[in-house]
Amino acid sequence: MTEAGTEAVTLNAVSKVYGKGSSAVAALREVSIGLPKGGFTAVMGPSGSGKSTFLHCAAGLDRPTSGSVRLAGTELAGLKEDKLTELRRQRVGFVFQAFNLVPSLTVEQNVTLPFRLARTRADRARLAEVLARVGLADRAAHRPAQLSGGQQQRVAIARALVTGPEVVFADEPTGALDTMTARDVLRLLRETVDDLGQTVVMVTHDPVAASYADTVLFLADGRIADSLTAPDAGTVAERMTTLGAYA
Ligand code: ADP
Ligand code: MG
């Protein structure tokens, strides 16, 4: 367990129950974990094991039923909705499986969207830097439909990085990509950790994707069942079979 000061996100006995009464589903059961600053953490587990719920609670997209989440040095439970929204916009980056770009906006407009939402001026130097990093400096005026899936996901990563967030959260970021393109995206995420000291938390069901992380957390039935450090794809796949992922 790492010290509090070296953690970008700390979950303390986080539980999440959806619904009420006989239809209630416990998606997370008292999960306690610290995610290290500057680390790349993958979250794996069978379908329905609570991966997305874990990510949403850790990122302040959803509130736990009980327990506490500390993100970017802030206790989320005490925040009113507007402060939570502000923290999400300024301190956290998100990457989703479906890219979630705005089709009518150019690459540059999509990437600077977080500034517009926060009603702050886009940092031009930062914009140029992230577009160069994701290899799309010459695509700034294109619209998403003019780009390949891999390029669109790189735009989404640029948008996630542009505010210099404490943590980038990615939910199945390679789920809609072919194998080769997926590797480019994973390499890019890995580079943001190695070169920029970015903290990345990524949900995936792909053992190869998980092998790009420093640590893999395995969720099963709403609990952290196991973890692996310096994972290789074979070991991850093997561990998944015993969690019932491929059953
Ligand atoms: P995963 O991402 O690992 O597939 P989820 O976190 O999406 O798992 O879901 C965990 C459990 O919570 C599942 O049983 C799922 O059906 C349930 N669940 C998730 N979101 C909701 C919701 N909004 N309402 C009711 N049940 C939900
Ligand atoms: Mg999910």
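Which residues in H1 are buried? In H1, the buried residues are Lys-51, Thr-53, Phe-54, Leu-55, Cys-57 and Ala-58, where buried means under 20% relative accessible area, exposed means over 50%, and partly exposed lies in between (1.4 Å probe, protein chains only). Please keep in mind that this is a predicted model, in which local features need pLDDT of at least 70, side-chain atom pairs count only at pLDDT 80 or more, and totals for chains, interfaces and linings use all residues. Residues are numbered from 1 along each chain as its sequence is written, chains are lettered from A and ligands numbered from 1 in the order in which they are written, and side-chain values use heavy atoms, with hydrogens and water left out.

**Overall picture**

- The protein has nine helices and ten strands; helices (H or I, at least four residues) and strands (E, at least two) are DSSP runs, numbered from the N terminus.
- A compact globule of 247 residues would have a radius of gyration near 18 Å, and the protein agrees because its own value is 18 Å. The radius is taken over C-alpha atoms, and the globule rule is 2.2 Å times the number of residues to the power 0.38.
- The C-alpha trace spans about 50 × 45 × 35 Å along the principal axes of the protein.
- Of the 247 residues, 48% count as buried.
- Residues at least 24 apart account for 67% of the contacts between residues at least 6 apart in sequence, a contact being heavy atoms within 4.5 Å.

**Surface and charge**

- About 11300 Å² of the protein is accessible surface, and 50% of that belongs to carbon and sulfur atoms. The areas come from the Shrake-Rupley method with a 1.4 Å probe; for residues, only the protein chains shown count as cover.
- There are 27 positive and 26 negative side chains, with the centres of the two sets 8 Å apart. Lys and Arg count as positive and Asp and Glu as negative, while His and the chain ends are not counted. Each charge is placed at NZ of Lys, CZ of Arg, CG of Asp or CD of Glu.

- Strand S8 (residues 199-203) is largely enclosed by the rest of the structure, because five of its five residues are buried.
- Strand S3 (residues 40-44) runs parallel to S8 and is joined to it by four bridges; two strands pair if DSSP finds at least two bridges between them. Phe-40 has Val-200 as its bridge partner in S8.
- Strand S7 (residues 167-171) is also parallel to S8, with five bridges between them. Here Phe-169 has Val-201 as its bridge partner in S8.

**The antiparallel sheet**

- An open sheet of four strands has the order S2-S1-S4-S5, with antiparallel pairing. Its edge strands, S2 (25-36) and S5 (74-75), each pair on one side only.
- Strand S1 (residues 7-18) and S2 run antiparallel and are joined by eight bridges. Along this pair, Val-9 stands opposite Leu-35, and Tyr-18 has Val-25 as its bridge partner.
- The hairpin of S1 and S2 has six residues between the strands, and Gly-19 in this hairpin takes a positive phi near 75°.

- Six of the eight residues of helix H1 (residues 51-58) are buried, and the helix is mostly covered.
- Ser-49 is in the loop between S3 and H1, and its 3% relative accessibility makes it count as buried.
- Leaving aside neighbours within four places in sequence, Ser-49 is in contact with Ala-27, Leu-219, Ala-220, Asp-221 and Gly-222.

**Other residues to look at**

- Glu-30 is in strand S2 and has a positive phi of about 45° although it is not a glycine. At 60% relative accessibility, Glu-30 counts as exposed.
- Glu-172 is in the loop between S7 and helix H7 (179-196). Its phi is near 50°, a positive value in a residue other than glycine, and at 13% relative accessibility Glu-172 counts as buried.
- Arg-126 lies in helix H5 (residues 124-133). Leaving aside neighbours within four places in sequence, Arg-126 is in contact with Leu-161, Val-162 and Gly-164.
- Arg-126 and Val-102 are 24 residues apart in sequence and 20 Å apart in space, C-alpha to C-alpha.
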